[in-house]
Amino acid sequence: MSLDMFLQHCFNALTLGSLYALIAIGYTMVYGILRLINFAHGDILMVGAYFVFFGTFAFGWPWGIAAIMAIAGASLLGVVMERVAYRPLRDAPRISALISAIAVSFFIESLAVVVFTGQPRPVLQPEWLVSEWQVWGGVRILRLTAFVPAMTAVLVGILLYIVYRTKPGLAMRAISKDIETTRLLGVRVDNIIAFTFCIGSALAAASGIMWALRYPQVHPYMGIMPGLKAFIAAVFGGIGSIQGAVIGGVALGFVEIMTVAFMPELSGYRDAFAFVLLVLVLLFKPTGLLGERMEEKI
Amino acid sequence: MSGFVLPTAPDYAGALLLARDVTMRFGGVTAVSELTLAVPQGSIVGVIGPNGAGKTTLFNVLSGFYTPQEGDVIFAGKSVRGRKPYDICRLGMARTFQNIRLSQQMSVLENIMVGCHVRRRCPWWMAPLGLPSYCREEADIARKGRQLAERVNLGDQLHEKAGSLPYGAQRRLEIARALATEPRLLLLDEPAAGMNPQESLELMYFIRHIRDEFDLTILLIEHDMKVVMGVCQYIWVMEYGALIAEGGPEAVRNNPVVIRAYLGEDMAVQHA
Amino acid sequence: MRLNRGAILNIAAMFLLGCLLWQAESFLGDYQIYIGKLIFINIILALSLNLIYGFTGLFSLGHAGFIAVGAYVSALCILAPEQKEMMWILEPIIWPFSELFTPFWASVLAGGVAAAIFAFFIAVPVLRLGDDYLGIATLGFAEIIRVLIVNATAVTNGSLGIKGIPSHATLLACYGWALFTLIVLARLVFSNFGNVLRCIRDNEIAASVMGINVFRYKVLSFCIGAFFAGVGGALLGSHLSTIDPKMFNFLLTFNVLMFVVAGGLGSLTGSILGATVITILLEWLRAIEEPMNLGFVELPGIPGMRMVVFSLVLLAIILYRREGIMGTRELTWTRIFAFLRRHKA
């Protein structure tokens, strides 16, 4: 493999990894606070992508406007989802909330089939994003391939600012340590949790929009696989840690792209890599790269 | 007062349970340090100490939940260091927990029957086949469960859910379940916690009775001084993970080191 | 074995239902028989997941994988060698499978055993995990099994799937296997082994202190559950006569989970009720996907609406009646008689 090819693969891996990372952040934030795997998180991605599809295609909005509307819509959906399906189960056994999440996921998917039909639909890519860009020597990539990681970096920067420099962020971190004490200290826990869902959903929608640009198609089940893989990325990075989710997402992108690049005969097994990685992580370092250890008291 | 002969130092060589120089660290925290303790066959021995002294950690080491970094635990002449809890139970050590650990959803009888499982001989695949030897053993287990339930005064609540029992009854049920494993040594972690004085008194008699009836050796952690002084023949006192005193109830009661550990420096002066 | 009133009534009821199903073709239409078979297969699947999740507390989302293994192994066993040679176009079928030809009952058992073996190799790494991690890991393994099936063309015919599986799974056969599953699981669950499994579910630490090798029993329960999932898968393949990897996606696991949750976790009769009610409900819901004529107005059919209602039902169950129809209780004759007496008075 030539160096040019290798660099090209690196860019692709970074793009895919950024997409995973954005989704993984939502998983890790919700898990950190509620110890809940938000199964429907991947479907938020799909909804975001569909919103953008309709915004640009049906209403003819410019891309930027459509993207902002889609992110707003998906955030709202995330908040509603938390209110309806998770909040009533906050004191229930954890698995009940997980089953509820699975039900929500299927509900959103099947509703999407009803509303948008099950046909995959092509997405129109804006010209300036799909034009080629010569990075260096023979390394030529689509502008999109550079745009996605750049956008991701901006979004992650904003998120880190919110989490580490603002009051709601402080409350979020407090809740993830001890929800009851935080409540006693006068923090409106429910509002903060809703806010967390809002942010997570916004990032998932952003990822969904970019996903639809990268693989120009939308369909009701497009969120399942990226969702599952992003969850794995979150576990790999150490669930509960935002930095971990980013690292895990990028790492997973590299694993998938590079394995196929170096061993093309394995491309049929591509979707299985993530799960193999998950099992390995859980076996050898269940807390992931940056996760904190939680032990049961005897 | 209890009619027991107060022993002097226990016989280390002939002890049923012997912890030798046990050290247990969690990260930088040393929960138990270089602790040596012996429990002679047939005795009732207590471990006391202020909160956070490492008593429960010691129990977790003895029953196999933690493997100590240093030292050894010898039970019935065998080292059990590094063995799994179920393995140690099979050797004849049973325990209860400070925060009761019953199957809340299961009945009293079922909870006790779980304890009988470790001594059963028929393998699982006999259950669907319904072989005679299996059916006989199943009936034996149910009978034994019923007897034990009666022994702890739960005979009338056999089919009640464990979670619906009052606190004291749950403690007795936990002891019955431990007895079902046919132990030689029983570890009781704060058996009188949450009991009223009357219940504590009954518990004292109960502990002594089961010791005699089931030919047990008992090691208990307890906060209720009345229970400890009333039932234990020998007492070990822990503070900050180390032993600070040992001896018979009278000796420990009057030991200034113990008083200081419990009441603090100032109070100890007043007390003296 | 002592026979009390309950046991005698059970045997009588099973026998009566058996006779009825034997003669079913004379009074049931093809469609009803189709539904009937599906109900029994779903009962098997629900019971098997209930053993794993309801009784042992292992949140496994990998059931579709075991069902797939059962279906494929069984199909490979009952298809005639010539048929297989013709069907495998992508890559010729490799040796032991090309010659394999067994009677139906053996193929079903083989499907179950294969699923149990797969389960064993999955169990050893993943059963050390708890709760939701276990769910994701088992889900991952089910996906891996699916990817393997797609790619192992020389054995499974890849994404083309297997067609023309002889439909040996008659109504009576499905009933028989469901009964077998129920009896084995009931005997296991209502013995002291069942108590042990429930104790592991409720309090793992207590179980280990009671001398129970928790890991061993978890693996055991997982493998037995997978065995019956494989049996169910074998029957499902024969019932549908066509299988392909797409069938065994997460939706299948979700369906089975729904039966179990709706019926009540930790209740065998609950699983039977749950599987029956929801299978019928799902078939009945097909109506809303067909165009409807209400006399004055013609409503167009809405494709996909079935799943919307279905997921809402599950959501409603988990939000408003988490314990399902039966909770952890069982439907027994004593209960039924008591109920009847109360309503007569």
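This report describes the three chains of a predicted model, their folds and the contacts between them.

Because the model is predicted, local features are given only at pLDDT of at least 70 and side-chain atom pairs only at pLDDT 80 or more, whereas totals for chains, interfaces and linings use all residues. Residues are numbered from 1 along each chain as its sequence is written, and chains are lettered from A and ligands numbered from 1 in the order in which they are written.

## The three chains

Helices (DSSP runs of H or I, at least four residues) and strands (runs of E, at least two) are numbered from the N terminus. Chain A has 12 helices and four strands, chain B has 10 helices and 10 strands, and chain C has 17 helices and two strands.

| Chain | Box along the principal axes | Buried share |
|---|---|---|
| Chain A | roughly 60 × 45 × 35 Å | 50% of 298 residues |
| Chain B | roughly 70 × 40 × 35 Å | 43% of 272 residues |
| Chain C | roughly 65 × 65 × 40 Å | 51% of 345 residues |

Two residues are in contact if their C-beta atoms, placed from the backbone, lie within 7 Å. Among contacts between residues at least 6 apart in sequence, those that join residues at least 24 apart make up 75% in chain A, 66% in chain B and 81% in chain C.

## Strands and helices within the chains

Two strands pair if DSSP finds at least two bridges between them. In chain A, strand 2 (residues 132-136) and strand 3 (residues 139-142) pair in the antiparallel sense over four bridges, with A:Glu132 standing opposite A:Leu142. These two strands of chain A form a hairpin with two residues between them, and A:Gly137 in the turn has a positive phi of about 55 degrees.

Chain B holds an open sheet of six strands in the order 6-7-8-3-9-10, with mixed pairing. Strand 6 (93-95) and strand 10 (242-247) of chain B stand at the edges with a single partner strand each, so one side of each is left without a neighbour in the sheet. The twist averages 20 degrees from one strand to the next, where axes are lines fitted to C-alpha atoms, for helices over the stretch in contact, and angles run from 0 to 180 degrees between N-to-C directions. Strand 6 of chain B pairs with strand 7 (residues 185-189) of chain B in the parallel sense over three bridges, and B:Met93 stands opposite B:Leu185 in strand 7 of chain B. Helix 1 (residues 55-62) of chain B packs on this sheet, touching strands 3, 6, 7, 8 and 9 of chain B, and its direction makes about 150 degrees with that of strand 7 of chain B.

In chain C, helix 10 (residues 171-189) has 19 residues and should span 27 Å at 1.5 Å a residue, which agrees with the 26 Å between its end C-alpha atoms; the expected span is 1.5 Å times one less than the number of residues. Buried residues of helix 10 of chain C include C:Leu171, C:Tyr175, C:Trp177 and C:Val189.

## Contacts between the chains

At one interface, 32 residues of chain C are in contact with 31 residues of chain A. Helix 7 (104-126), helix 8 (131-151), helix 14 (250-263) and helix 16 (305-320) of chain C each supply at least two residues of the side that touches chain A, and helix 8 of chain C gives the most, with 13 residues. That side of chain C divides into 23 nonpolar, five polar and four charged residues, where Ala, Val, Leu, Ile, Met, Phe, Trp, Tyr, Cys and Pro count as nonpolar, Asp, Glu, Lys and Arg as charged, and the others, Gly among them, as polar.

The contact between chain B and chain C takes 29 residues from chain B and 23 residues from chain C. Helix 3 (108-116) of chain B is one of the elements that give two or more residues to the side of chain B that touches chain C, and its five residues are the largest share of that side. The residues on that side of chain B divide into 14 nonpolar, eight polar and seven charged.

Key
Buried ≥ 20, exposed ≤ 12 C-beta atoms within 10 Å, placed from the backbone.
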